[in-house]
Amino acid sequence: MKASKVARKLPAKGKAPDTTGLRQRKQQETRARLTRAAMTLFLERGFEATTIDDIAAAAEVSRRSFFHYFASKEDVVTAWQENAADALVEEIVARPADESMLTAAENAIAAVVKRLDPAEAAAMSRLKRDNPALQARDQLKYETIERALAEGLAQRGRTRSDRQKARLVAMIATGAMRVGGDSWIGDGAREKPEAFVKRTFDAIRAILT
């Protein structure tokens, strides 16, 4: 009986606890918590006024832990942008197969920006616009979005020609979003983000037809 009880407590052969997976999830959670804390502080206090110690304290981790995930405050902004790019790929892949690449790109971008808080998105755009250290990262954002769009759209195609078309649509869509985004901020961000996406893509179609 004792042997049987002990045996039931032991993990089955080949079923060792997944400590690696648990550790990775905890690391992802900590990285996400640092990102959220940093973005909140940036918007409340400004980028320059927020220190790494402030971010670490808000995320309830040590300063040393911050540097385990990020090399600088600018890298936190980049991580926030990378998350948006990942979401964009997921949305594109999920679009119906009968949608054209341009329509799929429009609907995917609209779905992603619809999740954003307009006031927060506008504040982040102004934060980057007014900070020289973040302006270069903003350029990187659009490069990241273009690659993400091209990757997601290419998954919808089957031929080499489709892959080339995916890159062209991604380039056009990203450029239009950059121009449209600047216009959106310049107009005081009064329009809902998804509405300005539609208006921007309507302008693209008007040029192409």
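Colleague: Leaving aside its neighbours within four places in sequence, which residues is tryptophan 184 in contact with?

Modeller: Keep in mind that we are looking at a predicted model. Contact here needs heavy atoms within 4.5 Å. Once its neighbours within four places in sequence are set aside, tryptophan 184 is in contact with Pro118, Ala121, Ala122, Ala189, Arg190, Glu191, Lys192, Pro193 and Phe196.

Colleague: Nice! And how many helices and strands does the protein have?

Modeller: Start at the N terminus and read along: the elements run α-α-α-α-α-α-α-α-α-α. The totals are 10 helices and zero strands.

Colleague: Where on helix α3 do its buried residues lie?

Modeller: Helix α3 covers residues 52-59, and its buried residues are Ile52, Ile55, Ala56 and Ala59. Look down the axis of α3 and these residues fall within an arc of 95 degrees, so they line one face of the helix.

Colleague: Is glutamate 60 buried or exposed?

Modeller: Most residues other than glycine have a negative phi. Glutamate 60 is not a glycine, yet its phi is positive, at about 60 degrees. Its relative accessible area is 71%, and over 50% counts as exposed, so glutamate 60 is exposed.

Colleague: Are α6 and α10 roughly parallel or roughly antiparallel?

Modeller: Two packed helices are described by the angle between their axes and the distance between the axes. For α6 and α10 the angle is about 160 degrees, and the axes are 8 Å apart. Angles over 145 degrees count as roughly antiparallel, which makes α6 and α10 roughly antiparallel.

Colleague: In what handedness of crossing does α6 pass α10?

Modeller: On the α6 side the contact includes Leu102, Ile109 and Val113, and on the α10 side it includes Val197, Phe201 and Leu208. The crossing in which α6 passes α10 is right-handed.

Key:
Residues are numbered from 1 along each chain as its sequence is written. This is a predicted model: local features need pLDDT of at least 70, side-chain atom pairs count only at pLDDT 80 or more; totals for chains, interfaces and linings use all residues. Side-chain values use heavy atoms; hydrogens and water are left out. Buried means under 20% relative accessible area, exposed over 50%, partly exposed in between (1.4 Å probe, protein chains only). Helices (H or I, at least four residues) and strands (E, at least two) are DSSP runs, numbered from the N terminus. The arc is that of the directions from the helix axis to the C-beta atoms. Axes are lines fitted to C-alpha atoms, for helices over the stretch in contact, and angles run from 0 to 180 degrees between N-to-C directions. Angles under 35 degrees count as roughly parallel, over 145 as roughly antiparallel, 65 to 115 as roughly perpendicular and the rest as oblique. A crossing is left-handed if the near helix is turned anticlockwise from the far one by less than a right angle, and right-handed if clockwise.
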